[in-house]
Amino acid sequence: MNEAIRPGPGNPPQAQETPVLSVVVPTFNERDNVTVLYRRLETVLAGIAWEVVFVDDNSPDGTWDVVRALARRDNRVRCVRRIGRRGLSGACIEGILASSAPYAAVIDADLQHDETQLPKMLSLLVSGKADLVVGSRYIEGYKSEGFNKQRAGASALATEVAKKMLRVEIADPMSGFFMVRRDRFEQLAPKLSVHGFKILLDLVATAHGTLRAVEVPYTFGARQHGESKLDSMVALDFLGLVLAKLTNDIVSLRFILFAMVGGLGLVVHLATLFIALEVIKVPFAEAQAAGALVAMTSNFILNNFLTYRDQRLKGFALLRGLIAFYIVCSVGLLANVGVAFSVYDQEPIWWLAGMAGALMGVVWNYAMSGLFVWRKK
Ligand code: GDD
Ligand code: MN
């Protein structure tokens, strides 16, 4: 291994204070795992100047408190406690940016990743053989202990989609275990999405083949304490990321979700209109108004659960948000009809005018909702 990463004779004492490797650990409810991970890092990284940055999203189980206690004893340990924010990718990005070593690793807190690979990963970067080293579950030498059949299937499918559609060459772009050169990461960081789970895929897709990647196999272990935070929403996140990267980031994940909810809203609107007209038999104007109201309400609820689940409104803010959403959508409808009319005026093609209007409506609703309904505090 490179001499510069071993403090000792020939290396001044301050070398010890300047870490070569920053290990970033995203945590959410990992109270029982963080100390074990810290001990294991200490063992496996002996002889390397390292630091560890835990990024905790204000875990209800007080993970940050346990990390803080470790940090008081060992100044190589740091805790970033984020309040009012959730998200694995965002936590990893923030952790890497908060660290200072020339190489940064990301590893899960739950001991499912194999930390004994870290020295090998580091030497691959230090020797200049790679810009990115991925702990990969899919190449020779891989065996999995912590994966059920269903998840393995879904993961394999997502990997195929990512490889085909985004032309990502690595075998396991879904891995949450990797190490990267800081300078390359900093260049790409402004274009990364803070939403979702797939930070590595995002990194590789955003780099457009400019990151030289090497993979090392590891055993994906079983979780010891606590539970996985990956749910079915992850599939949605993944889809959004693929679409965003395909459109060169013009279309964001949030916008895609917002537009999908909008499309569903149209179905809800028509269904309500139908029921009001045919079943309850109210006049058309009332039925149409009811359709709009039901669709706006269901869109609001869905967006609050899905599109803006990281900034979910609760309690009084929910009511305030709903009213703001009604106002935004009403103006959006005016914009929609206005644009459709002027397009139709120029070119009397009904579907073209209709689509232009709908697009205007969704863009308006999206932009204004971000400003007035789910605004960042
Ligand atoms: N700060 C923060 N915020 N951390 C989070 C959040 C969050 O919202 N959600 C999850 N984490 C942390 C967990 O505490 C854990 O340390 C790590 O991120 C991974 O979360 P898990 O819930 O254990 O995910 P998993 O085991 O199902 O999937 C992991 O491994 C896969 C295979 O390598 C993830 O890393 C996947 O991205 C990866 O594909
Ligand atoms: Mn896990």
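**The ligand site and its setting**

Modeller: Let's start with the overall layout: the centres of domain 1 and domain 2, taken over C-alpha atoms, are separated by 39 Å. Do keep in mind that this is a predicted model. Domain 1 covers residues 21-227, and domain 2 covers residues 253-373.

Now to the site you asked about. Ligand 2 is a manganese ion, and D110 (OD) and Q112 (OE1) coordinate it at 1.9 to 2.0 Å. How accessible are these two residues? D110 has a relative accessibility of 3%, so it counts as buried. Q112 is buried as well, because its relative accessible area is 10%, and the cut-off for buried is under 20%.

An N or O atom in the side chain of D110 is 2.7 Å from an oxygen atom of ligand 1. Altogether, 28 residues lie around ligand 1, and E30, R86, D110, M174 and K229 come nearest. For T27, a backbone N or O atom lies 3.2 Å from a nitrogen atom of ligand 1. For V55, the corresponding backbone distance to a nitrogen atom of ligand 1 is 3.0 Å.

What packs elsewhere in the chain? The largest nonpolar core has 39 residues, and L21 and L45 have the most contacts inside it. At least two residues of this core come from each of β1 (21-27), α2 (34-44), β2 (50-56), α3 (63-73), β3 (77-81), β4 (103-106) and α5 (118-126). With six residues, α5 gives the most to this core. Looking past residues up to four places away in sequence, L45 touches L21, V23, W50, L118 and P119. A second, separate core has 34 residues, among them V134, M174, V180 and A207. As a rule, nonpolar side chains in soluble globular proteins tend to be buried together.

One last stop is further along the chain. A335 belongs to helix α12, which spans residues 316-346. With a relative accessible area of 19%, A335 is buried, since the cut-off is under 20%. A335 and N365 are 30 residues apart along the chain, and 9.7 Å separate their C-alpha atoms.

How values were computed:
Residues are numbered from 1 along each chain as its sequence is written. Chains are lettered from A and ligands numbered from 1 in the order in which they are written. This is a predicted model: local features need pLDDT of at least 70, side-chain atom pairs count only at pLDDT 80 or more; totals for chains, interfaces and linings use all residues. Side-chain values use heavy atoms; hydrogens and water are left out. Donors are N, O and S atoms within 2.8 Å of the metal (3.2 Å for Na, K and Ca); water is not among the atoms, so sites may look incomplete. Buried means under 20% relative accessible area, exposed over 50%, partly exposed in between (1.4 Å probe, protein chains only). Domain bounds come from an automatic or database domain assignment. Helices (H or I, at least four residues) and strands (E, at least two) are DSSP runs, numbered from the N terminus. A nonpolar core is a set of buried Ala, Val, Leu, Ile, Met, Phe, Trp, Tyr and Cys residues joined through side-chain atoms within 4.5 Å. Contact means heavy atoms within 4.5 Å. A residue is near a molecule or strand if one of its heavy atoms lies within 4 Å of it. A polar contact is a pair of N or O atoms within 3.5 Å; within protein, one must be able to donate a hydrogen and the other to accept it, and residues adjacent in sequence count only if both atoms are side-chain atoms.
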